[in-house]
Structures are given as C-alpha cells and as structure tokens.
Amino acid sequence: MAKSLKITLVKSTIGAVPKHKKTVEALGLRKTGKTVELPDNDATRGMIRQVRHLVKVEEV
C-alpha cells in the first residue's frame, strides 16, 4: 500500500445523494478540480469507494 493518496474531485456534487455530498466534504474537497493528500488507510479507502464516481485517486 502507498503511504498516501492524492484525491481530486472531478465531478460536481450537485444532484448527488446527500450522503455522498457529506462524504466528499469529509474528505476535504470543496470545489471541483481541487486535490487533497490523505493517508492510505481503511477509513479513507472506504470513503473513496463510496464516491468513486466523483473522484480520481492516485497513489503517492
């Protein structure tokens, strides 16, 4: 496993399920095109799995 993950919001959360909107915000993503770097752990992976249709993930 990588030490961290680079997560980019590539699709807008407008019209998304409210739970998915909150998950994206909990990941630290506010606007489309913004990127955050988070640790690679099970909690982060689970959040990404839930909103995988909205984000792009790269291992760092």
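**The salt bridges, pair by pair**

Modeller: Glu-58 and Lys-56 form a salt bridge whose closest N and O atoms lie 3.6 Å apart, the term meaning a side-chain nitrogen of Lys or Arg within 4 Å of a carboxyl oxygen of Asp or Glu. Both residues are partly exposed, Glu-58 at 35% relative accessibility and Lys-56 at 42% (buried is under 20% relative accessible area, exposed over 50%, partly exposed in between, with a 1.4 Å probe and protein chains only). Elsewhere, salt bridges with shared partners join Asp-40, Arg-45 and Glu-59 into one network. This is a predicted model, in which local features need pLDDT of at least 70 and side-chain atom pairs count only at pLDDT 80 or more, while totals for chains, interfaces and linings use all residues. Residues are numbered from 1 along each chain as its sequence is written, and side-chain values use heavy atoms, without hydrogens and water.

Asp-40 is buried, with 9% relative accessibility, whereas Arg-45 is partly exposed, at a relative accessible area of 27%. Arg-45 also forms a salt bridge with Glu-59, and here the closest N and O atoms are 3.2 Å apart. That pair links distant parts of the chain, since Glu-59 lies in strand S3 and Arg-45 in helix H2, 14 residues apart (helices, H or I of at least four residues, and strands, E of at least two, are DSSP runs numbered from the N terminus). Glu-59 is exposed, with 55% relative accessibility. A search of the whole structure finds three salt bridges.
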